[in-house]
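Here is a short report for a first look at this protein. Please keep the sequence and the 3D view at hand while reading.

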Amino acid sequence: MTSYGTLGVAVIGTGRMGSDHVRRINDVISGARVAAVVDIDADRVKTIADGIEGCTPYTDPAAAMDDPAVDAVLIASPGPAHEATLLAAFERDLPVLCEKPLTPDAASALRVLEAEQKLGHRRVQVGFMRRYDADYMKLKAQLTQGAYGRPLMLHNKHRNPAAPPGFTNAMMINDSAVHEIDVTRWLLDEEITAVRVLFPKPTDKAPEGLNDPQLILFETAAGQVVDTELFVDCGFGYQVQCEAVCTDGTARVGDDRGVFSNTANGWGGAIDPGFEDRFVDAYDRQVQRWVDATRRGEVEGPSCWDGYAAAAVCEAGVRAQETGERVTVELIERPALYR
Ligand code: ISE
């Protein structure tokens, strides 16, 4: 694979995450520059490109990939557009950082997996950014070392201040619980084999048709059980916690970010307002690590296999929501490229 000087990145999709990544590549990380921005909104990309030296606006991802200044692609468009963009990047053998989800369903993720295997090497890092959060990274290292013995259970909490308009039960799984799906597979180093979803009586803040909160249960191939409270209209801020219960102890991340105070009325600290704030360091580290690996001619981090496995668990999760049943997860055998 090629190794690069300053990496010219095409950022595809300039919505909430895409524009945050443009800012990050411009102002925060090193070794890369925004060489192209792509969006169906031509005025929007022109305005963004006008503010960045040497950046060209495009409305067509393939045209941006053909720009000689573009060495790599960061995909931040909506999930249903990912497959076509990934396949176009593979045709040009360009390195990719693809925001989650890899694709919105297991069949399309499988097509991407097959196309990458035809290249004969990995090209994609999937944007499961929690793997780059300092506390999650410490927990992962400790679990790998066996610091608390053998992991038996995870207890996750995933709370958002308010659901965006139009948020559905399926999005509770595909957009939100997908992070716990990846974290579970990564922390425990096991595949998820079955999913169940319970609907408690909903909060009054939940829009019509949305069951909020939900309790999601995963079983893993090694017999561990993982519960996730997902509450997207909690009203008080953005909170993500994970507790590992092991044979010789427990360990929890996500409690203490920032300053803790003592006052006449009690003690405490602030809660982040949204995921961009809570995971800002993780996003920065994720993009920096992608740029560094790409410049060395390497690919690391969550793979297309991780994106496919997450999509398969999401499908089972949505079926579990719809049926109220325990749904087993169907996965193909892991191909050699991803072992
Ligand atoms: C959003 O898409 C994210 O990825 C956030 O991390 C998650 O907390 C939120 O629930 C999703 O909607």
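How much of the chain over residues 8-128 is helix, and how much is strand? The chain there is 42% helix and 22% strand.

## Basis of the model

This is a predicted model; local features need pLDDT of at least 70, side-chain atom pairs count only at pLDDT 80 or more, and totals for chains, interfaces and linings use all residues. Residues are numbered from 1 along each chain as its sequence is written, and side-chain values use heavy atoms, with hydrogens and water left out.

## The annotated stretch

UniProt, in an unreviewed entry, lists residues 8-128 as "domain: Gfo/Idh/MocA-like oxidoreductase N-terminal". UniProt positions follow the numbering used here, feature names are shortened, and annotations may be inferred rather than shown by experiment. The end C-alpha atoms of residues 8-128 are 22 Å apart.

The domain assignment gives domain 1 (7-130 + 281-302) and domain 2 (134-274 + 310-338). Such bounds come from an automatic or database assignment. Taken over C-alpha atoms, the domain centres are 26 Å apart.

In domain 1, 18 residues contact 21 residues of domain 2; contact means heavy atoms within 4.5 Å. The two domains bury about 1,700 Å² between them, 64% of it on carbon and sulfur atoms. Lys100, Phe128 and Arg130 of domain 1 lose the most area to domain 2, together 44% of what that side buries. Buried area is the accessible area (1.4 Å probe) that two parts lose on being put together, summed over both.

The rule finds 1 salt bridge across this interface. A salt bridge puts a side-chain nitrogen of Lys or Arg within 4 Å of a carboxyl oxygen of Asp or Glu. The side chains of Glu180 and Arg130 form a salt bridge (2.8 Å, N to O). Helix H5 supplies 7 residues, the largest share of the side of domain 1 that touches domain 2.

Lys100 and Pro101 are joined by a cis peptide bond, with omega about 0°. Pro101 sits in the loop between strand E5 (96-99) and helix H5 (106-119). Helices (H or I, at least four residues) and strands (E, at least two) are DSSP runs, numbered from the N terminus. Another cis peptide bond joins Asp212 and Pro213, with omega about 5°.

Asp93 is not a glycine, yet has a positive phi of about 55°. Asp189 also has a positive phi of about 55°. Asp93 is partly exposed, at 29% relative accessible area, and Asp189 is exposed, at 60%. Buried means under 20%, exposed over 50%, partly exposed in between (1.4 Å probe, protein chains only).
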